[in-house]
Amino acid sequence: MNRRKLLKGAGVLSTAAMVLALYGNLGDAADPTPVTVLVPLG
Amino acid sequence: MAQGVAEGAKAVSGTSVVLNRVGEVTGNDLSSSDAVIVGSPVYFGNMSGEVKTFFDNWTLKFDLFRDRKMRNKVGGAFATGAGVSSGKEVTMLTILGAMLINQMIVVSGGGGFGASATTGPDSPGIDEKEVAESRELGKRVAEVAALVKRGSTK
């Protein structure tokens, strides 16, 4: 792998890591918080 | 209105809804819930006697008040009244007041204090805008309940 490809690969990886760090919360997306809502009526 | 509230809450992923008459709700129903959205007709400008008894039972029958067992649960209110200016806001505010005294976290949604519908001769039945408000209330309460629960488990 030449130097240019290596640098490009590193750039893609670091950008992906930054996006995940800023916006990623895969746990929340995959596991919605279970909530019980009670609706009592008069 | 209650159906709209339930639909709105169910639109939030992970939410289950239990819909029941106030006279049939148990202390366990209340203590096991994450949020409570109480609906009342307007009687003489305020919540109905049945709904007031329901709140009184939080301490008299269910013993939830002494140890603040409803603390940090999320609350909302909705009301139906015959007239345009007949007490719907008073009804919602007194429901929210009872929740505040129990140290619940009250939220609005739909209208300024919750969702409401005018059902008397001037505006018979419940129209689509009022149902949409009730859906907004249910959704907001479920969203905030999920935020509180997620925050409390971290």
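What is the mean pLDDT of chain B? The mean is 96, and 99% of the residues of chain B reach 70 or more; pLDDT is the predictor's confidence in each residue, from 0 to 100. This is a predicted model: local features need pLDDT of at least 70, side-chain atom pairs count only at pLDDT 80 or more, and totals for chains, interfaces and linings use all residues. Residues are numbered from 1 along each chain as its sequence is written, while chains are lettered from A and ligands numbered from 1 in the order in which they are written. The model scores ipTM 0.95 and pTM 0.84.

**View 1. The contact between chains A and B.** Chain B gives 38 residues to the contact and chain A gives 11 (C-beta atoms, placed from the backbone, within 7 Å). On chain B, the elements that give two or more residues are α1 (2-10), β1 (15-21), α2 (27-31), β2 (35-43), α3 (49-60) and α5 (128-152). Helices (H or I, at least four residues) and strands (E, at least two) are DSSP runs, numbered from the N terminus. This side of chain B has 22 nonpolar, 10 polar and 6 charged residues. Ala, Val, Leu, Ile, Met, Phe, Trp, Tyr, Cys and Pro count as nonpolar, Asp, Glu, Lys and Arg as charged, and the others, Gly among them, as polar.

View 2. Chain A holds 2 helices and 1 strand, in the order α-α-β. L41(A) stands opposite R21(B).

**View 3. The buried face of α3(B).** This helix has 12 residues and reaches 15 Å from first C-alpha to last, close to the 16 Å expected at 1.5 Å a residue (1.5 Å times one less than the number of residues). V51(B), F54(B), F55(B) and W58(B) are its buried residues. They fall within an arc of 90° seen down the axis of α3(B), so they line one face of the helix; the arc is that of the directions from the helix axis to the C-beta atoms. Their cover includes β1 of chain A, with β2, β3 (46-47) and α4 (88-101) of chain B. Buried means 20 or more other C-beta atoms within 10 Å of the residue's own, exposed 12 or fewer, partly exposed in between, with C-beta atoms placed from the backbone.

**View 4. Two loop residues with positive phi.** F44(B) lies in the loop between β2 and β3 of chain B. Its phi is about 50°, although F44(B) is not a glycine. F44(B) counts as exposed because it has 9 C-beta neighbours inside 10 Å. D63(B) lies in the loop between α3 and β4 (74-81) of chain B, with a positive phi of about 55°. D63(B) has 13 such neighbours inside 10 Å, so it counts as partly exposed.

Notes
Two residues are in contact if their C-beta atoms, placed from the backbone, lie within 7 Å. Two strands pair if DSSP finds at least two bridges between them.
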